[in-house]
Each structure stands twice: as C-alpha cells, then as structure tokens.
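Hi everyone, thanks for coming. Let me put today's model up on the screen, and then we'll walk through it together.

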Amino acid sequence: MGRRQLLGISMSVAGVAAVSACGSPRTKTVQPGTPSDAEVPVTPPEDLMREHGVLKRILLVYREGIRRLQAGDKTPAQALNAGAEIIRSFIEDYHEHLEEQYVFPKLEQAGQLTDVTAVLRTQHQRGRILTDRTLAATSGAGVPDKAGRDALIRDMSAFIRMYEPHEAREDTIVFLALRAVVPAKEFRDLAETFEDEEHRRFGQRGFEGVVDKVADIEKSLGIYDLSQFTPT
C-alpha cells in the first residue's frame, strides 16, 4: 500500500492507535518483538513541509556557491545548475503547483489569509525569474567575468532572502490553516492526490529519489557531512 492509503482504513491492529478522526497524523505503539512497523500515513501539511526540507538544502547549496564566488574560487557551475534544476522541477513546477492549485484556493474560498496567499503567489513568480537567471548563468563551464559572477551572487542571494521567510510563513501559518478549513474526507483525498502527482512526476521513488540527488550535489561541494556545521 502507498503510505497515504492507510488514511482511509480503520486501524484496528493491536498497537496502532488513531489519534484523530480529522486527518491528523496517527501514532502507533509497537509491541516488543514486532518484526516491522505498520506504515504511518503522511498528511498534506507534512508532505509540503518535508518538501520545504529539500528547498532548505538547495539554499545551503546556493550559500556555498556564493561563498566560493565571493572568495574568487572557481564557480561550481555544475552543482549550482543541478541545484537550480531541482528548484525548477521539484519546487516550482511541482510543490508550488500543489500550493497554487489546492492549498491557496481553499484558504481564499474560506476568506482566510488572503493577504498572505497573494504575497506568496507573487513570490512564486519572482522566484521563477531568479531561477531562470541562475540556470542561464550556470549552464556552461563557469561564469567567465566579474559582472556575471556578481549578477549570479545577487540572484542567488535574492532567492535565499525571499524563500527563507516564505517557507517559514507557510510552515507556521498557511499549512496549519489548511487543516482547519478542509473537511476530514477531503483532507484524506488531498493526501492521495499529492502522492499520485508526486509519483507521476518523479517515478516510484518520488521524494526519496529527489533527496538522493540533493545529497549528490552536497557531496560534490563537500557540504554533505552534517558534523562540519557543529560549532567547535
């Protein structure tokens, strides 16, 4: 079964407790000696938030690119281009598509956060412009002149500056409000819709496959090891 299919099934197996009838995540208690866990469903807000995790990791890739450009190092064009491609395909064409087609309209129809969704829509459009520029600037072997390097730094910096508060506002306000305005059955159906779209676009591995690509980019830049970010 898909991880969201269990949302619509009454979970009567011992050790599995449904904590909410309105589509909130279910928790389970696994008895000692149980060989494996039953799969826990993923709700729409959780789905969107973990996709923001991919965005955050690409923002770190951009930061590393900015650091190298400012230091006068060779432009990591291939890594930056690969990161921008993930922004385009996974964040802008997929994640933001879900928000604009299913999340924002639900809130707007309910008269909730309409001022916020208007800004978020505008930022989606501006983000695509910045991604276009980043893809164009990194499509070759590198950025040859200072003007080009400076422009790339400005575009990636602007993208980071916009999307850090953008995703934080969605995670702490918008996605939580979605749960309040969508009926339970529709909330469960929305989870299925999200999963179907994910696999249609990115294959059977879906999200996990995209995360693997992000990890490869991080490794190529030497920023994959989490321990390096721990202060001494």
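**Where to be careful**

Let's start with residues 3-35: pLDDT stays under 50 there, and for that stretch the model has 66 contacts beyond four places in sequence. Across the protein chain the average pLDDT is 86, with 82% of the residues scoring at least 70.

Some housekeeping. This is a predicted model, where local features need pLDDT of at least 70 and side-chain atom pairs count only at pLDDT 80 or more, while totals for chains, interfaces and linings use all residues. Residues are numbered from 1 along each chain as its sequence is written, and side-chain values use heavy atoms, with hydrogens and water left out.

**The overall layout**

So what is the protein chain built from? It has six helices and two strands, and from the N terminus the order is β-β-α-α-α-α-α-α. Helices (H or I, at least four residues) and strands (E, at least two) are DSSP runs, numbered from the N terminus.

Of the 232 residues in the protein chain, 44% are buried. Buried means under 20% relative accessible area, exposed means over 50%, and partly exposed is in between, using a 1.4 Å probe and protein chains only. Take the contacts with a separation of 6 or more: 77% of them join residues 24 or more positions apart.

Helix H1, residues 44-71, has 28 residues and reaches 41 Å from its first C-alpha to its last, close to the 40 Å expected. The expected span is 1.5 Å times one less than the number of residues.

Now helix H4, residues 146-181. Its 36 residues should span 52 Å, and the end C-alpha atoms are 50 Å apart, which agrees. Still, H4 bends by about 45 degrees at Glu-170. That bend is the angle between axes fitted to the seven residues ending there and the seven starting there.

**Around helix H2**

Is Asn-81 buried or exposed? It's buried, at 17% relative accessible area. Asn-81 lies in H2, residues 77-109, and beyond its neighbours within four places in sequence it touches Leu-135, Thr-138 and Ser-139.

Leaving out neighbours within four places, its contacts include Asp-93, Asp-132 and Leu-135. Arg-88 and Leu-135 are 47 residues apart in sequence, yet 9.2 Å apart in space, C-alpha to C-alpha.

Next, Leu-113, in the loop between H2 and helix H3 (114-137). Its phi is positive, near 55 degrees. Most residues other than glycine have a negative phi. Leu-113 counts as partly exposed, at 22% relative accessibility.

**Rings and charges**

Last stop: the structure holds seven aromatic pairs. Rings of Phe, Tyr and Trp (its six-membered ring) pair if their centres lie within 6.5 Å; planes under 30 degrees apart are stacked, over 60 edge-to-face, and the rest tilted. Which residues do ring pairs link into a cluster? Phe-90, Tyr-94, Phe-202 and Phe-207.

Arg-50 lies over the face of Phe-207, 4.1 Å from the ring centre, and Lys-219 lies over the face of Tyr-224, at 4.8 Å. The rule there is that NZ of Lys or CZ of Arg is within 6 Å of the ring centre and within 35 degrees of the ring normal.

Technical notes:
Contact means heavy atoms within 4.5 Å. pLDDT is the predictor's confidence in each residue, from 0 to 100.
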